[in-house]
Each structure stands twice: as C-alpha cells, then as structure tokens.
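Please read the points below alongside the coordinates, as a colleague's note on selected local features. A question comes at the start, and the numbered paragraphs follow.

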Amino acid sequence: MIYSHPHKKQYLVKRIISFVLVLFSVQSSFCQSLVKDINIGNGNSNPANFIRLGNSTCFIANDELHGYELWITDGTEAGTTRVKDINPGVGDGCFYHGSVFRKISQLQVLGKNVYFFANDGVHGFELWCSDGTDLGTHLVKDIMPGAGSSSTDLSITRAGSYLYFAASDALHGIELWRSDGTDTGTVLLKDLYPGPQSGNPLYLFADSDVVYFAANDKVNGYGLWKTNGTEDGTVFLKNVAPSGGLSDSIPYIKFKGELYFSGVSIDYGTELWKTNGTPDGTVLVKDINPGKAEAFPSHFNVLKDRLVFSAITKQNGKELWQSDGTEAGTGLIKDIYPGKESSDPGQPVVIKDKIYFIASDTINHAELWVSDLSDTGTRVFYPTKPAGNQHFKNLFADNGWMYFTTDSANTGFELWSSDGTAEGTKMLSEICQGTCGSEPCNFYRSDTILFFCAFDDLHGNELWCLGNNITFIQQITTQKASDIYIDPLRRTLNQMRQTGSDIIYIKIFDLSGNELYTQYIKDPNQVSSEKFKSGIYFLRAYDKHNDFVSFARFVKE
C-alpha cells in the first residue's frame, strides 16, 4: 500500500500535565516505537510488503535518494538498512509505475532467500533473490531478454518447494512460470494459450503443493485451473473463473477441506463456488443474486463452522452473509443498512467467538461492528465518537487482539487495540498529536514485533513497531483520580493528572513493600528501567495531604 498523508504541516503539541515512567526494554527483541526515519525529515518512506526472513524482516521502502528498494530490519534503528540499490540512484528497483496501475514488488521466501520482481534499469522487471545482504542480492533469470520486463504484476506465490508467477518471454505471451530459485530451475510451466497470445494466469492461490488460478486457453476460454508443478499436472477444471470482482480482497478461502471462491460464469454472473480439485467437484454453492446478476462475494473469513462473507442482492444491497457449504445453509445474517442500500461490510477479523468488521448503516458510516452470526447479535461494537461521526479502517487480528485505525473527539486517526470487549478497547498511542492523525496501516507480525507504517508531522510515513514490556494486573482509582495507563508504542507508564487534581508525587514499591522510587510531578519525567528488575511492582500517586489517589499494579518483563 502506498500511502501519502494529507497533512505535511507542523502541528501544535498539546500540553498536558503528566508523569512518565520510561521503561525501555534491555532486550533487543523489543523495538522502539519509531524504528527508523528512513526518508529523513518529513518525507515518506511508505514501508510495505513485509515478510520474515530468518530472524529479520524484509520490506520495500523509499528513502528518496534511492527510490523504492528492498530493506531489512531486526526491529532496531541500527539494524534497519537498505539491502541493495538495485536500480542505482533515484530510480525505483521495486515499484512499477504503469499508465493504468502502480504496484510494489511482492516478496516470497523460499529456503533462506527472499524472492521478488525488480528492475535494475538494464533488464526491466525480472525475478530477483536476496539473502538479506548486498552481495547476496542478484538477478535470478532474465526471462524477457534485454530491457523489456517479463512481469509488471510483480506477484509471486509459493507452493511447496517452488515459486509460481505469471511472466512472458520473447516467444510466449503472459503464461504460468515455475522457479526453484535458480536460473536453470526457472522455467515456463505450461503454454496455456499456445504461441505469442497470453493465457494471462491470475489470482494464484497456494493450497499445500497445489496452486489454483484463473486462466484463458484457446479451447475453454477463462476458467479455473490447478497445477501440481508439472506440465501434465496443470489442468483445466471448469468454465468458472476466480475473480476479485468489485473488491481487492483475495477471492479464495479454504473451508471444510475445500476451496471456496468468488467465481464468474456465463450462466450465473459472479457467485459463490467451491471445488475439491476435480471438474465434477467444482460446483456452485448458491446463486445468491439470481440469474446473471452479480453477487460479488468477497471479504471471506471463517467463524466456528460457518463461512462468513459479503454479497450483493437486488433486495438488500451488499450485506453480511454466512454459509455452511450448502445452498440451503447459505443466507443473509442481517440487513444492516435496511432496504436496497448497502452496508458494505469489509475487513472481517475473528477474535475469540465473534467476527468484527467495518460497515455502515443509516446513522453510522464505516463503523466497527461485531457479530455472533445471528440477527440480534450483529450490532455496533464500540463507538469512539457521537453517532454518525465514526470512521474505522485497517482492521488486523493478531494473537487474540484486534488492531485498527479510528479517530475520536480529540484525536485524528490513531492506532487502537481491542480484546473484543468495550473495557479492553483503547487507543494505544497518539503518534501524531492533536487532530493530525498518524493513519497506521500495513500491519505485519514478525515473531515478537508488530510492524506497521504510520505518520507523524516530523517524520512523514515511516516504519513503526509495537512492543511492550509492562502489563497492568490491577488498577484502582479514587474519586480524586488521575488516569494511569500504558503507552505500548513508547513503552511508558503514564500518570495523567486530570483537571482539578492535586497530585503531588508518586511512589513505586516492590512485592515486599520496599519503596524503590519517589518522584514529584515537577521533577524530570524520565526514569531508566535499569532501576527495576523483572518482576511485579506497585505504583501509588499521592495528593498534598499524603493520601493516595491512584493505585496500579504492573509487571516489568
């Protein structure tokens, strides 16, 4: 995703009275909030397309001096470096600028290397590989000899021990290719449409060692194909072609041992299909929008024993649907936006026993909803602003938590998290102070680190990560309260003094009741974690009468 923040001006930082206890992790596996200002200053590096390689993470970014190139990070500033300037100078090595579309190179790992399409300014976009070092980054094969590009789609799919992608050479159109990561092992798998015409394989999807895709041959037209990595094992299944339709979501999902997909056919338009990998086993699940009208099923996910997705009908517009895999068991969950208007549900994520998604109704636009797959159990989850003013986006599920971007009455679009409860739904950090909004996006979990792209007015769109080494066990607040909270992006324990509060100082104790630290509010606000070993601690905030007004118990990992 290429994202350009609408604001490039300096913003006034809100002045707040707070106590900040900084607990910087001494372990290298925890990263600082802003990993690195790759495009120095307020320019945008737009980090995207992350993938894990060994103990590091590769991604594509732009430092302005070298264009979009391959980068690698271990989660630290010093460990975040450009791997190689593939297209020397300001030219982009990993970003295709087309007249119709633009696309960043997709990354895939095979063995100890990452593979991607890149342009060195001499060979056009061709298959490259890297072990994460400059010397270990090189062209795999010049499929289209000379300055021409064998691919502008820049997508790669891995299945088993091979990479699959669409490419063209001097003799054939755009066809299906396979690579084991070597020059000699990078070959045309099958000339689907013989001669210089193109079979145009699209929507490649790996299911174990098998790859499904849509393609056009001279006999059957566009339809569903599969391959096991051999020419004889690359076979046509049915005249129904997987399609992203009106959505940019992946048109497939594995459910109950079969592959479900959004497929377009002459007789039914774009509807919900499934396949077991055989021609006879490739069947229509339900003609949701009857006749040749288009249902465009999309945004697939699975909750319990149900496939959940969005689909369009003439009566209800685009709404939330479910299926057990049968025609009779496929139906509308709720008409969220009543009548022919569409709620346009999207970005579904599953947390525990419910599904969360973004949808609109007659009052709320792009609101966060939750569903247990019943009509009455499908409702607005957590409004952060008065009705009609919310706008949620970029939902991402990770280890039982949901992350998303939204704004509130006092902030722009910032990073929030939720455990699926209203009490456990909070803004994690105000990266860009005031109504500026950091617009976090491109989330990727790499071992213990959650990477993402975010904006602030000093650095532009840059590489951030989420790390936390303190956790609240208990918090008690009196009527004179101040708010004690964790900012996991900056890994600080914050004591926020509310208006009218008369907090004077705080104390920190260990489990034995020993007083370890005292700080008055007017004192310098940072304390190194070297003062505290791993363990459980207590924080008390006191007023001028020496009465405590806030209490928190927390863990230092």
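Does Lys-254 count as buried, partly exposed or exposed, and at what relative accessibility?

1. Lys-254 counts as partly exposed, because its relative accessibility is 38%, where buried means under 20% relative accessible area, exposed over 50%, and partly exposed in between, with a 1.4 Å probe and protein chains only. This is a predicted model, in which local features need pLDDT of at least 70 and side-chain atom pairs count only at pLDDT 80 or more, while totals for chains, interfaces and linings use all residues. Residues are numbered from 1 along each chain as its sequence is written, and side-chain values use heavy atoms, with hydrogens and water left out.

2. The structure holds 13 salt bridges, a salt bridge being a side-chain nitrogen of Lys or Arg within 4 Å of a carboxyl oxygen of Asp or Glu. One of them joins the side chains of Lys-254 and Asp-207, at 3.0 Å from N to O. Lys-254 belongs to strand E22 (residues 252-255) and Asp-207 to strand E17, so this pair ties together parts that are 47 residues apart in sequence. Strands (E, at least two residues) and helices (H or I, at least four) are DSSP runs, numbered from the N terminus.

3. A further salt bridge links Lys-141 with Asp-183, whose closest N and O atoms are 3.0 Å apart. Since Lys-141 lies in strand E12 (residues 137-141) and Asp-183 in the loop between strand E15 (175-179) and strand E16 (186-190), the pair ties together parts that are 42 residues apart in sequence. Asp-183 itself is partly exposed, with a relative accessible area of 42%.

4. The salt bridge between Glu-515 and Lys-507 has an N to O distance of 2.9 Å.

5. E11 and E12 form a hairpin with 6 residues between them, and Gly-132 in the turn has a positive phi of about 95°.

6. An open sheet is formed by 4 strands in the order E2-E40-E39-E38, with antiparallel pairing. Its edge strands, E2 (34-36) and E38 (441-446), each pair on one side only. The twist averages 40° from one strand to the next, with axes taken as lines fitted to C-alpha atoms (for helices, over the stretch in contact) and angles running from 0 to 180 degrees between N-to-C directions. Strand E39 (residues 449-456) is joined to strand E40 (residues 460-466) by 7 bridges, and Cys-453 has Leu-463 in E40 as its bridge partner.

7. Leu-463 is also among the residues touched by Thr-80, which include Val-35, Lys-36 and Trp-71, not counting residues up to four places away in sequence; contact here means heavy atoms within 4.5 Å. Thr-80 is placed in the loop between strand E5 (68-73) and strand E6 (81-84), and counts as buried because its relative accessibility is 0%.

Terms used. Pairing = 2+ DSSP bridges.
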